[in-house]
Amino acid sequence: MRVFLALLLFFLLPGLASAESENPIVDCNQFEDRARQIRGCTAYIRTGKALGPNLAVAYTNRGIAYASQGDHKRALADFTEAIRLAPDSPFPYYNRGNAYYDLGDYARALADSDAAVERGPDMALAYYNRGLVHQKLGNRDKSIEDFQKALALDPRSQAARDRLHKMGIQ
């Protein structure tokens, strides 16, 4: 469940990024150097120019960077702020659910996975991750259902196919 959804977030900032290095927007939207990403997102947030969905994306991207460094406290704070700013977006819920999953807090991971699925019913990764949570909670039928839905939405999902195979399905 350590796959944080980041690439889709990049496209929520079209036209704002340039190819310049040390540009906060560019830095916030790159995922190779997490320290640079944190600096870029923080600088972008502090400009006061980021509003609504773009500000939520900056918090989400910074949360992803923190989570990848194992700083779940800061990651959770950023994902929660992104949810406050963009409560209808599935991405911050999806990513906060991942962080809770990594911390072993499966009840909260399930709640956020449910919220991500509700807000992003075509988001295969949200179903896949909810299936992982259901597996941890011993909800075999629900996990199978979610993995099958993930595979139906994304027939190329080898991860969902592998999970179903390990469960004796297919």
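Leu 151 counts as buried because its relative accessibility is 12%, where buried means under 20% relative accessible area, exposed over 50% and partly exposed in between (1.4 Å probe, protein chains only). Leu 151 belongs to helix 9. The model is predicted: local features need pLDDT of at least 70, side-chain atom pairs count only at pLDDT 80 or more, and totals for chains, interfaces and linings use all residues. Residues are numbered from 1 along each chain as its sequence is written, and side-chain values use heavy atoms, with hydrogens and water left out.

**Whole protein**

- The protein has ten helices and zero strands; helices (H or I, at least four residues) and strands (E, at least two) are DSSP runs, numbered from the N terminus.
- Along the sequence, the pattern reads α-α-α-α-α-α-α-α-α-α.
- Of the 170 residues in the protein, 50% are buried.
- Among contacts between residues at least 6 apart in sequence, 49% join residues at least 24 apart; contact means heavy atoms within 4.5 Å.

- Helix 9 has 14 residues, which at 1.5 Å a residue should span 20 Å, and its end C-alpha atoms are 20 Å apart, in agreement. The expected span is 1.5 Å times one less than the number of residues.
- Its buried residues are Ser 143, Ile 144, Asp 146, Phe 147, Ala 150 and Leu 151.
- Seen down the axis of helix 9, these buried residues fall within an arc of 165°, so they line one face of the helix. The arc is that of the directions from the helix axis to the C-beta atoms.
- An α-helix has 3.6 residues a turn, so residues three or four places apart point the same way.
- The face turned away from the buried side of helix 9 carries the exposed residues Asp 141, Glu 145 and Ala 152.
- Helix 8 (124-136) and helix 10 are among the elements that cover the buried residues of helix 9.
- Leu 151 and Tyr 127 are 24 residues apart in sequence, and their C-alpha atoms are 9.0 Å apart in space.

**Helix 9 against helix 10**

- The axes of helix 9 (residues 140-153) and helix 10 (residues 158-166) come within 9 Å and cross at roughly 145°. Axes are lines fitted to C-alpha atoms, for helices over the stretch in contact, and angles run from 0 to 180 degrees between N-to-C directions.
- Helix 9 contributes Ile 144, Phe 147, Gln 148, Ala 150 and Leu 151 to the contact, and helix 10 contributes Ala 160, Arg 161, Arg 163 and Leu 164.

**Ile 169, after helix 10**

- Ile 169 sits in the segment after helix 10, and its 22% relative accessibility makes it partly exposed.
- Not counting residues up to four places away in sequence, Ile 169 touches Arg 140, Ile 144, Gln 148 and Leu 164.
- Ile 169 and Ile 144 are 25 residues apart in sequence and 8.1 Å apart in space, C-alpha to C-alpha.

**Helix 6 and Cys 41**

- Twelve of the 14 residues of helix 6 are buried, among them Phe 91, Tyr 93, Arg 96 and Tyr 100.
- Cys 41, in helix 3 (residues 34-47), is buried with a relative accessible area of 0%.
- Leaving aside residues up to four places away in sequence, Cys 41 touches Pro 24, Cys 28, Ala 58, Asn 61 and Arg 62.
- Cys 41 and Ile 25 are 16 residues apart along the chain, with 6.9 Å between their C-alpha atoms.
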